[in-house]
Amino acid sequence: MQTSNIKEQKANILKLLELAGVKGLNKSGLKIKSSKVKKQALMELENERKIANLEGRNRYLYVLKEFDTPLEMACDRVEEILSSQGSKLLSKKQLMTQCGKGSPGKVKKELERAIDWLIKDNRLMKLQHGSSIFHLHVSSVSRFFPSTDQGFKSLSEKPRTDMDRKKVLGAYRKIVSQTGYSNVEIHRLKQELGVGMDLLEPFLLNESKLGTAVLSFGDWSLSSEEIRSGSIEIDGTPHLLVRFKS
């Protein structure tokens, strides 16, 4: 009876987190309260790596494992804050402070890394005035520079591939509807489209630079060679998943 109850509660928790998506739920939202069965179900799901806590240190915000992407979430947060500022410059301290407000603990820890990542990916500009360092989102100033200008090649310029964006998005949505997950294996998308990585990789990298797609790590250690064959390496790290922004 106890095992049956735990199994039922695990299914309920997974359903609630699926509906919550990337926003996740705390213990109150999951209606854990003082129920020993629910607490056991929550602990087992975490141990089985089906869910993750984005907070840590006696604070809780649970998401499905597919949404346990603190670096990607930190990048999204940095871009969101800078995009809302227009051409206004923010110091690193100001940026970190604004991005940290309301962000889960694991995301806050990745903010500095996210800033460096976005600079390397040419989505963020690092400007120095005297001893002070400021940051600016490239999209807010790129329109003022011709695409031939050094270091300001148009971000909207797509690589020469035979990829049809509507076709890619159609294949992506089909997989999402089948799996119920917004983070899709790049390998599976490649199979659905019937193309090679030589075409899909530059397309997805360009979408990532435009901010319309997010490439995620996935779990390399648990992935088959087939899944790994669809990886895209960025800064020495393989990415197995892609999520298109709506």
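This report describes the aromatic pairs and one of the sheets in a predicted model.

The structure holds 2 aromatic pairs, and their geometry is set out in the table below.

| Aromatic pair | Arrangement | Centre to centre | Angle between the planes |
|---|---|---|---|
| Y60 and Y62 | stacked | 6.0 Å | 10° |
| Y172 and F244 | edge-to-face | 5.0 Å | 70° |

In the stacked pair of Y60 and Y62, Y60 counts as partly exposed, with a relative accessibility of 33%, whereas Y62 is buried, its relative accessible area being 3%. The ring of Y60 also has K27 lying over its face, at 4.0 Å from the ring centre.

The edge-to-face pair of Y172 and F244 links distant parts of the chain, since Y172 belongs to helix α7 (residues 165–179) and F244 to strand β10 (residues 241–244), 72 residues apart. Y172 counts as buried at 7% relative accessibility, and F244 is buried as well, with a relative accessible area of 8%.

Turning to the sheet, 3 strands in the order β3-β5-β4 form an open sheet with antiparallel pairing. Strands β3 (90–91) and β4 (124–129) stand at the edges, and because each has a single partner strand, one side of each is left without a neighbour in the sheet. Strand β4 is joined by 6 bridges to the antiparallel strand β5 (residues 132–137), and M125 stands opposite L136 in β5.

Two helices can be described together with this sheet. Helix α3 (residues 70–84) packs on the sheet and touches β3, β4 and β5, with its direction at about 90° to that of β5, while helix α6 (residues 111–120) packs on the sheet by touching β4 and β5, its direction making about 100° with that of β4.

Definitions and conventions
Residues are numbered from 1 along each chain as its sequence is written. This is a predicted model: local features need pLDDT of at least 70, side-chain atom pairs count only at pLDDT 80 or more; totals for chains, interfaces and linings use all residues. Side-chain values use heavy atoms; hydrogens and water are left out. Rings of Phe, Tyr and Trp (its six-membered ring) pair if their centres lie within 6.5 Å; planes under 30 degrees apart count as stacked, over 60 as edge-to-face and the rest as tilted. Buried means under 20% relative accessible area, exposed over 50%, partly exposed in between (1.4 Å probe, protein chains only). Helices (H or I, at least four residues) and strands (E, at least two) are DSSP runs, numbered from the N terminus. A charge sits over a ring if NZ of Lys or CZ of Arg is within 6 Å of the ring centre and within 35 degrees of the ring normal. Two strands pair if DSSP finds at least two bridges between them. Contact means heavy atoms within 4.5 Å. Axes are lines fitted to C-alpha atoms, for helices over the stretch in contact, and angles run from 0 to 180 degrees between N-to-C directions.
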